[in-house]
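These are my notebook entries on one protein model. I set down what I looked up, entry by entry.

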Amino acid sequence: MSNLIDIQSQIEKLQKQANEIKAKEFHSTVQEILVKMQAFGITVKDLQTTKPSKGPKQKSKEAAPKAAKKDKKAGVSVAAKYRGPNGETWSGRGLTPKWLSALIAQGQPKESFAIAPQDGATTSSAS
């Protein structure tokens with residue numbers, strides 16, 4: 001039990017040291033930030049209205065359209081290409097579902113669970 005007490009005592013001492021260092025370095029850190037704000041023309045308003053980003057503002061604006069494209073595709077349902085013996089379906093995208101993996105492991109070909117395309121459906125995408 002003395003180990004725990006010793007460790008807690010050390011933690012307390014280290015926490016006090018950390019607070020002292022933080023207090024000493026606070027003023028110089030604020031000054032460094034102010035210098036950089038002046039160099040880049042950053043205002044307090046910029047800091048309040050800007051979301052944190054990993055790079056300059058231009059990069060975050062370039063990333064926004066990519067996210068929009070991703071959102072457009074999100075939620076788009078894809079027709080099932082495979083149907084299991086218990087009515088399970090799989091679109092053929094993403095990881096193979098457990099039900100199909102188990103059947104393949106038993107020696108059954110994946111193609112035997114393929115759903116036949118409906119009339120009028122095309123299987124190639126000629127543009």
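The entries below go from the overall fold to single residues.

**Entry 1. Basis.** I am working with a predicted model, in which local features need pLDDT of at least 70 and side-chain atom pairs count only at pLDDT 80 or more, while totals for chains, interfaces and linings use all residues. Residues are numbered from 1 along each chain as its sequence is written, and side-chain values use heavy atoms, with hydrogens and water left out.

**Entry 2. Fold.** I looked up the secondary structure and found 4 helices and 2 strands. Helices (H or I, at least four residues) and strands (E, at least two) are DSSP runs, numbered from the N terminus. From that end, the order of elements is α-α-α-β-β-α.

**Entry 3. Surface and burial.** I noted an accessible surface of about 11,800 Å², with 56% of it belonging to carbon and sulfur atoms; such areas come from the Shrake-Rupley method with a 1.4 Å probe, and for residues only the protein chains shown count as cover. Of the 127 residues, 8% count as buried. Buried means under 20% relative accessible area, exposed over 50%, and partly exposed in between (1.4 Å probe, protein chains only). I also checked contacts, meaning heavy atoms within 4.5 Å. Among those between residues at least 6 apart in sequence, 26% join residues at least 24 apart.

**Entry 4. Core.** Which residues make up the largest nonpolar core? I list Tyr82, Trp90, Trp99, Leu100, Leu103 and Phe113, 6 residues in all. H4 supplies the largest share of this core, 3 residues. The term denotes a set of buried Ala, Val, Leu, Ile, Met, Phe, Trp, Tyr and Cys residues joined through side-chain atoms within 4.5 Å. For leucine 100, I set aside neighbours within four places in sequence and found contacts with Trp90, Lys110 and Phe113.

**Entry 5. Aromatic pairs.** I counted 2 aromatic pairs in the structure. Tryptophan 99 and phenylalanine 113 form an edge-to-face pair, with 6.4 Å from centre to centre and 85° between the planes. The pair links distant parts of the chain, with tryptophan 99 in helix H4 (residues 98–105) and phenylalanine 113 in the segment after H4, 14 residues apart. Rings of Phe, Tyr and Trp (its six-membered ring) pair if their centres lie within 6.5 Å; planes under 30 degrees apart count as stacked, over 60 as edge-to-face and the rest as tilted. Both tryptophan 99 and phenylalanine 113 are buried.

Entry 6. How many salt bridges does the structure hold? I found 1, in which the side chains of glutamate 12 and lysine 16 meet at 3.8 Å, N to O. The criterion is a side-chain nitrogen of Lys or Arg within 4 Å of a carboxyl oxygen of Asp or Glu. Both residues lie in helix H1, 4 residues apart, about one turn of the helix. Glutamate 12 is partly exposed, at 47% relative accessibility. Valine 30 also lies in helix H1 (residues 2–40) and is partly exposed, with a relative accessible area of 30%.

**Entry 7. Loops.** I placed serine 77 in the loop between helix H3 (57–73) and strand E1 (82–83). Is serine 77 buried or exposed? Serine 77 is exposed, because its relative accessible area is 68%. Its C-alpha atom is separated by 8.9 Å from that of serine 91, 14 residues apart along the chain.

Glutamate 88 lies in the loop between E1 and strand E2 (89–90). I recorded glutamate 88 as partly exposed, because its relative accessible area is 22%. Leaving aside neighbours within four places in sequence, glutamate 88 is in contact with Tyr82, Arg83 and Trp99. From glutamate 88 to leucine 100, 12 residues apart in sequence, I noted 9.1 Å, C-alpha to C-alpha.
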